[in-house]
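Let's walk through this structure together, one piece at a time. Have the sequence and the 3D view ready.

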There are 2 protein chains.
Amino acid sequence: MDSSKYTTPIPLKDVKIGDTFWSPFMERVRTQVIPYQWEALNDRVSGAEPSYCMRNFKLAVELTHPELDYGVPKDIGFGGMVFQDSDFAKWIEAAAYSLVWHPDPALEKNLDDSIDIICNAQQADGYLDTYYIVNGLDKRFTNLKDNHELYCFGHFLEAAVACFEATGKRKLLDALIRYADCIDKHIGPGEGKLRGYPGHEIAEMALFRLYAITRDEKHLKLAQYFIDQRGQKPLFFEEETKKNQNNFYWKDSFVQYQYYQAGKPVREQHIAEGHAVRAVYLYSGMADSARIGGDEELMKACNDIWENIVKRQMYITGAIGQSAYGESFSYDYNLPNDTVYAETCAAIGLAFFARRMASMSPRSMYGDVLEKTLYNGIISGMDLDGKAFFYVNPLEVLPEACLKDRRMHHVKNQRQKWFACACCPPNLARIISSLGSYVHSFNQGALYTHLFIGSDSTVKIAGSKIGVKIETNYPWEDTVRVSFKIDGSAKFRYGLRIPGWCNHFNLTLSGGNVEYKTEDGYAVIEREWKNGDKLELRFDMPVSFVEANPKVRENTGKVAVMRGPMVYCLEEADNGKELFKLHAGKPENVLFKFEKNLLEGVVTISFKGKKEKDWNDDQLYRPLEAGDAVYEEKELNLIPYYAWANRRIGEMTVWINK
Amino acid sequence: MDSSKYTTPIPLKDVKIGDTFWSPFMERVRTQVIPYQWEALNDRVSGAEPSYCMRNFKLAVELTHPELDYGVPKDIGFGGMVFQDSDFAKWIEAAAYSLVWHPDPALEKNLDDSIDIICNAQQADGYLDTYYIVNGLDKRFTNLKDNHELYCFGHFLEAAVACFEATGKRKLLDALIRYADCIDKHIGPGEGKLRGYPGHEIAEMALFRLYAITRDEKHLKLAQYFIDQRGQKPLFFEEETKKNQNNFYWKDSFVQYQYYQAGKPVREQHIAEGHAVRAVYLYSGMADSARIGGDEELMKACNDIWENIVKRQMYITGAIGQSAYGESFSYDYNLPNDTVYAETCAAIGLAFFARRMASMSPRSMYGDVLEKTLYNGIISGMDLDGKAFFYVNPLEVLPEACLKDRRMHHVKNQRQKWFACACCPPNLARIISSLGSYVHSFNQGALYTHLFIGSDSTVKIAGSKIGVKIETNYPWEDTVRVSFKIDGSAKFRYGLRIPGWCNHFNLTLSGGNVEYKTEDGYAVIEREWKNGDKLELRFDMPVSFVEANPKVRENTGKVAVMRGPMVYCLEEADNGKELFKLHAGKPENVLFKFEKNLLEGVVTISFKGKKEKDWNDDQLYRPLEAGDAVYEEKELNLIPYYAWANRRIGEMTVWINK
């Protein structure tokens, strides 16, 4: 590993996004999702499953401090899932990020008040998980495998770091440091401690973020322990299950402990297995650990897993997790489109992993995947009004199948208000509201731009304060302009990602030629930059027809349509029913146009394809008829995938018959 | 309905099969399956799940007659599934049939002895179900929905009728008549009786067979009650569940009571729904009832359901039951090949239904389906050595998916020795050993031949005793010869089924022309037949490429290969791995040949197709490459579907990419 290639994101507070594509999403998150989630956490959304989340916290406070009374009956018990606390943490994180780019005193007050509640629920020794505070602290740390204590801890730690970075206030951070210390007292390599680790990962990457602030070796070591103890023999989860007579749901399954990525040491894991969200959260933590520790062996595992995901197990939308069974990865090239799981949170986790891989080494494939997930498989999880959400993001949907075919039982054909297990909406909120930190990364001598998002950033490189402005109508339009504001001049490497989808591009500097070399998919310019320097990058951005590796049997004979990073789909609203009868044929008259009034403004694609003619319905099978006689001409009309299911219930497909 | 078209099968004892294709299957059943099943019923098969079936009967005897001791510990309890008795009944039925065409004193002695055990287990009031005799008679008739009492009764009734018809011995028949009387006392329209019916159908058709022997109106009425009470409001199963606090597994499912075909009256059922085996057993009983009662309304329901199955929900192999969930039908045109259920018993049940529909009116579509299931989806359930069995008969298999993709968890890639729920092997045994009764059917003035199976039959038509001899090497060869042995001459209609797969045929009588008309797909000759008259029917029997209705989305862009009634498949043993990369293209050099030493002798098919070239595996998606450059030439080699999985574990597919 070449640590000179390490970079870190520009802190969120130093990036101001103003982007034709993303700003509306961020505004939806700020004005719809965050307030709506607050109502949901407080069980005030009519027609939605109650969350019980705030009620649990208030109850935990009342049980801990009898003098405090929020009016919650003391015998009401814990409500919701065992990991309900994490939803609150995700909301805090998203709200904190939004305060960075949109100060809002009312929201900040709300945040402060809710942090007070959390801190009041904290136990004297730092412990802070309402499930056990309500149900009995004697049972805590007895089921790390399934009861999500360390998962909730991880999410709160992420929230605490976000709050501190957004507002400078330490109250939640200090509480979480005390909680981390409490965990460190109970879990780890020392005598009498549990040799455990999280059943659902996230605490690993959160602890690395904490360490970046505290520089306390204890936090680093706990994170590293969680990663390296995982899957060591004897298996902690196996011992814990035996000792505490816990249930082991996957006992008779082929996934076993790899459901938790805990069946073998992480350095021996080279393919993505098990629960997809857990997996990518772990891999993100592993990448952090590899970078921070300069750990080649761990880096190798990260690389192998990365390659396995993006070259064997990733949907064209950047979605991952093929199997509803265990919400999990499946096996190489097994990528069903209709029975897919493709949880929104898993795509978000892949973005986390991609960013961390890019931080180790700026290679465009990381940015490509980051971009692919963001523009497709992540935002598909949210309605265009920000009020309803997908958990599962299918690439092919037949409404009838969702009702009558048990294989698609988990697939919904319209986004839902809120879920009993509501992990995805707040996860969407936190990634979209922190999008600024994904645009660039930098180190002492270099700046890299990974995403083409209109923004105004400030970064200190080689002692100079540099302003970087991106202007673009990407992904609808083909031009990206990057200009620098420098007090005088500054010498540094600047790398602009050239997307994997792009075959030809043109790069100019202030209207003239510019010398660059292509390094790992970045156009890298090393020069003395002057104030006002303006790069213009223009992509060839035609409609492109894409096929899957022939090993993907579910896509045999099929083609997907893309333009730039955007994956397109056919929807019933534009093409009628029975989309599976449509064929691209040899597409003619391929056109694209921006439609301002459609789906909040999208570029649509159309071309002349064909449709299989109906048969006499009395025949289920018949001798093969020849050639084109069985087709009729048909114009196919496509919309960007992320925008599907925003009109009426109907069929959708990404992959189209050739 | 035109009752002049009603026919009945020639009784099994009057048909002697000698057929190059079927005789080996019948011998395998006789020499392997029946003896093996006897060992299994007695828990003497090492490495197989114990059946506990005979043990249950012996225990039931000991509990009923303390003076009889088979050495079974009295406290050992009932073993196996609640419907375990039915396996014994199926064995008896198959063994009885085999005695008809292969007298075997040792087997007959065994049968007599086991019938003694059954009769000893019978209660004073006629009741005869070991599950309740062992577990407490006070609980009998409290869960008709799920506890299979009436299912076991039905199977024993089928066995009793078979025994009587095979051996002339009445002991089991009389026992079952007493059991029928017992059931009639508890269930039916009279005061104080349960308004119930079988949770798993079969008793209906069995009672019609009993009625044909006894002509006792009570038996007819009970059968009709079971059919017509089914699904009447208030729903009996709903009431029963409430009253006895039974579990209702399908409560939250979309199938609800239609899992049992009991959510609405059968006359209001027009599509095939729910558990496939139950369904076709019910439909068989409905067809019996419609014919016997001349019941137009019921016939309409049968017709509608028939059409729904064969035109919307049947695999090309004649398999039915698309969904592992509930082992059930799914919805129109939803025919997945890899996640399919396609239980062997369901295909057998479809053959029962087809024969009964043909008995009402000889239309070739019934014989076509009968033939399709027999030559494909039924016998695929058995190894060529008669020692291992499929429960699920997939049309596409990837061994890796069976292990790692939960959607294919129920699909095995090799036949299994015996199952905990062992319904399929004995069901195979009983249909194959009674095959003789499927060849022809007749009435007072007509004889129809439905299947082209080498055989020697005797039938009395219009007062004359007629010998009908079929000589053929069908399905491998294209010629069928039918000759008549008549004492002098006899005038009757003779109908020969012209299969739906056949476009051209040639029919001659003793070498010369013969006048016939085509009626409902039968070539019908009405004449004064003379002794020695010999018809020769020669089919054009080329290799044919077949496509599915475009509404079958799982078969878009695919083609199946058939010759005559036989469906073919690609197997890894002949074509290597990754069958999904193979394409038929525009098939060239299409050849077929009989291979005596392959798979006990089969006609194989080969042709020049093509294979997708491998990519650089570093690419999961890439811009579409043009046309033929991505293919290489490849000879495709096919074997008959039924014979797959008789060499080594590997991939298989029926549907091939175009």
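Strands here are DSSP runs of E with at least two residues, helices are runs of H or I with at least four residues, and both are numbered from the N terminus. Two strands pair if DSSP finds at least two bridges between them. To find the spot, look for A:Arg622, which stands opposite B:Glu547 in strand 14 of chain B.

A quick word on the ground rules. This is a predicted model, in which local features need pLDDT of at least 70 and side-chain atom pairs count only at pLDDT 80 or more, while totals for chains, interfaces and linings use all residues. Residues are numbered from 1 along each chain as its sequence is written, chains are lettered from A and ligands numbered from 1 in the order in which they are written, and side-chain values use heavy atoms, with hydrogens and water left out.

Now zoom out to the whole interface. Here 60 residues of chain B are in contact with 60 residues of chain A, contact being heavy atoms within 4.5 Å. Together the chains bury about 5,400 Å², 56% of it on carbon and sulfur atoms; buried area is the accessible area (1.4 Å probe) that two parts lose on being put together, summed over both. On chain B's side, B:Arg553, B:Leu620 and B:Tyr621 lose the most area to chain A, together 15% of what that side buries.

What about charges? You'll find 12 salt bridges between chain B and chain A, each a side-chain nitrogen of Lys or Arg within 4 Å of a carboxyl oxygen of Asp or Glu. One of them joins B:Asp618 to A:Lys311, with the closest N and O atoms 3.4 Å apart. The elements of chain B that give two or more residues to this side are helix 12 (296-313), helix 15 (399-404), strand 14 (543-548) and strand 19 (621-623).

How do the two copies relate? Chain B can be laid on chain A with an RMSD of 0.0 Å by a turn of 180 degrees and a shift of 0.0 Å along the axis, superposing by least squares on the C-alpha atoms of residues with pLDDT of at least 70 in both. The two copies are therefore related as by a two-fold rotation axis. Also, 100% of the interface residues of chain B are interface residues in chain A too, so the copies meet through the same surface.
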